[in-house]
Amino acid sequence: MKRAVLALALALAGALATPARAYVRSQDANTSVCLFWTSRDIHWRLSEPIDDLPFADVEAAVKQSFQTWHDATTPSGAHCSDMSFTYDGATTRTDTGYDPNATNNINLVVFRTKNCDDPGVVPTGDPCEKDVFDHPFACANKYDCWSHDPSAVALTTTDYNVNTGVIVDADVEVNDTGAYHFTTYSLPGCDPDQAGSCGRTCNSNTDTDCIGWDVQNTVTHEIGHVLGLGHEQALCFQQDPTQDATMCPTATNGDTDKRTLAPDDVAGLCAIYPKGAPPTTCTPSGHITITSAPAGGCSSSGPAGLLALVLALAVVTLRRERRT
Amino acid sequence: MKDAAGKRPDYRCRAMSRALAAFALASIAAVAQATTLVALDTQDLVAQAKVVAVVDVVATRVARSGGILTTVATLEVVRAVKGTALGERLVAFSPGGRQGEWVQLVDGAPRLQEGETRVVFLEPAGPGVYRFVGLEQGALRVVPDRSAPGGFAVERHFVSRLVPKHSGLPLPLLPSREPLMPYLAKLDHLAGARR
């Protein structure tokens with residue numbers, strides 16, 4: 001009996017573990033609350049101009065990135081989330097972050113085309129420069145320049161309440177200072193999951209009609225962070241890199257497959273923002289949710305929870321057997 | 001305690017969730033919080049950093065400038081590798097931080113806490129101020145080494161194979177933990193080779 005129970009548990013565990021759902025929710029480091037928006041309509045704006053790329057092309061690519069999350073469907077074609085996004089148009093504002101005392105905070109996507117450290121970007125003697133000891137990033141907002149580490153391709157800054165996890169603001173900064181050759185190129189009929197079908201990979205920063213660091217690919221990933229998703233590793237580094245999830249942190253020059261969401265990305269979105277139900281909070285693992293949906297009760301977000309249930313049942317059965 | 005809809009959660013349900021959560025927590029690997037970064041191997045980190053050291057985080061404060069929060073940390077060198085000396089105090093900053101009930105999270109940036117020990121790779125960011133090379137890649141935690149009682153290890157919380165620097169083959173996956181002393185010897189060797 002003991003062996004049979006174990007065999008059954010292992011068989012079920014194996015069946016449930018493939019494919020694993022591995023999405024990860026962003027959490028506060030101290031309180032472990034998971035991050036989420038209470039609104040189902042996130043407003044955003046795109047900063048203009050962008051010196052080195054046609055603004056209309058970037059705007060179209062970024063809009064499509066948001067649209068991809070809005071259109072997310074499960075493998076069976078169901079819309080499992082009603083999260084939506086509203087583009088409030090281009091803006092000349094370049095300031096990121098969130099000021100709780102201000103009334104004009106916006107969710108911004110901004111391409112930083114200058115490096116704060118480069119000569120002439122920040123005028124010598126500017127107060128923001130003198131203030132570097134206390135406010136190291138003051139010049140970035142004032143002069144629309146990149147002040148982060150140059151090895152970062154893009155950064156998402158998310159502001160939230162530490163007690164509730166409710167997100168109030170999120171901004172995406174793209175390092176378009178020249179370190180990475182961003183492009184918006186696509187061949188007609190391109191399938192982002194088919195390597196090469198959207199165009200060839202750029203060979204240099206001056207190469208044209210090719211895919212370098214793809215704007216849509218990059219921003220679709222960053223929007224996952226905006227929504228409260230962290231990086232997942234379980235579905236990364238697959239033999240076929242085009243099957244990697246959008247929330248996998250790997251990306252390369254010429255990469256387009258993150259333009260489309262993997263089922264695991266959709267599972268993450270729908271776990272946080274289930275259609276017709278309030279957003280879910282979560283326990284420290286980020287995988288188990290207590291929903292306040294009308295049906296109530298417990299729910300787990302995927303096979304990891306089912307796997308746990310199977311093993312827990314196996315343990316209970318073995319203990320009972322031991323007692324008898 | 002109520003949920004978002006104002007209902008009290010079912011406590012049996014909560015207990016089950018806790019059990020499942022504990023299992024799931026034990027089952028998953030360390031979670032990375034990061035953004036899109038270029039991966040830097042140890043050689044890159046040593047080459048790019050002006051200062052390499054083991055430091056104690058002796059103080060942190062969070063500064064606000066408009067909507068931007070920055071964590072400014074005072075670090076005391078407990079073992080110098082490059083560009084600094086034992087006992088020296090350094091100031092380094094990292095984007096994001098907490099002020100009151102508001103937290104600004106910048107994915108991939110180190111979240112420093114007082115009392116921590118870290119192996120840091122720093123580059124100048126202004127007069128007397130440093131930033132971390134490669135964001136979280138340049139601030140490795142020093143933790144007890146579970147495989148060697150009494151020993152220590154460096155721990156990576158970021159995904160260690162991120163964006164390959166150049167097109168082509170990805171970088172090899174770095175281990176999430178390495179024993180501290182051999183790691184420091186490697187750093188000494190790399191730093192020495194550049195002197």
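This is a predicted model: local features need pLDDT of at least 70, side-chain atom pairs count only at pLDDT 80 or more; totals for chains, interfaces and linings use all residues.
Student: What makes A:Cys80 and A:Cys270 a disulfide?

Tutor: The distance from S to S is 1.9 Å. The cut-off is 2.5 Å, and the sulfur atoms lie within that limit, so the pair counts as a disulfide. The link has 65° about the S-S bond and is right-handed.

Student: Where in the chain do A:Cys80 and A:Cys270 sit?

Tutor: A:Cys80 is in the loop between helix H2 (55-70) and strand E2 (84-91) of chain A, and A:Cys270 is in helix H6 (residues 263-272) of chain A. They are 190 residues apart, and the pair links distant parts of the chain.

Student: Why is A:Cys270 called buried?

Tutor: Its relative accessible area is 12%. Buried means under 20%, so A:Cys270 is buried.

Student: How do you know that A:Cys116 and A:Cys145 form a disulfide?

Tutor: Their sulfur atoms are 2.1 Å apart. That is within 2.5 Å, so the pair meets the rule. Here the angle about the S-S bond is 95°, and the link of A:Cys116 and A:Cys145 is right-handed. This pair links distant parts of the chain, 29 residues apart: A:Cys116 lies in the loop between strand E4 (114-115) and helix H3 (127-130) of chain A, A:Cys145 in strand E5 (residues 145-146) of chain A.

Student: Are A:Cys116 and A:Cys145 buried or exposed?

Tutor: A:Cys116 has a relative accessible area of 12%, which is under 20%, so A:Cys116 is buried. A:Cys145 has 0%, also under 20%, and is therefore buried.

Student: What makes A:Cys190 and A:Cys198 a disulfide?

Tutor: The sulfur atoms of A:Cys190 and A:Cys198 are 2.2 Å apart. The limit is 2.5 Å and they fall within it, so this is a disulfide. The link is right-handed, with 70° about the S-S bond. A:Cys198 has a relative accessible area of 2%, under 20%, and is therefore buried.

Student: How many disulfides does the rule give over all chains?

Tutor: The count comes to four.

Student: And how many aromatic pairs are there over all chains?

Tutor: There are six. One of them is A:Tyr180 with A:Trp213.

Student: Why is the pair of A:Tyr180 and A:Trp213 called edge-to-face?

Tutor: The centres are 5.2 Å apart, within 6.5 Å, so the rings pair. The angle between the planes is 70°, which is over 60, so the pair is edge-to-face. Both A:Tyr180 and A:Trp213 are buried.

Student: Which residues form an aromatic cluster?

Tutor: A:Trp44, A:Phe66, A:Phe85 and A:Tyr87 form one.

Notes:
Residues are numbered from 1 along each chain as its sequence is written. Chains are lettered from A and ligands numbered from 1 in the order in which they are written. Side-chain values use heavy atoms; hydrogens and water are left out. Rings of Phe, Tyr and Trp (its six-membered ring) pair if their centres lie within 6.5 Å; planes under 30 degrees apart count as stacked, over 60 as edge-to-face and the rest as tilted. Buried means under 20% relative accessible area, exposed over 50%, partly exposed in between (1.4 Å probe, protein chains only). Helices (H or I, at least four residues) and strands (E, at least two) are DSSP runs, numbered from the N terminus.
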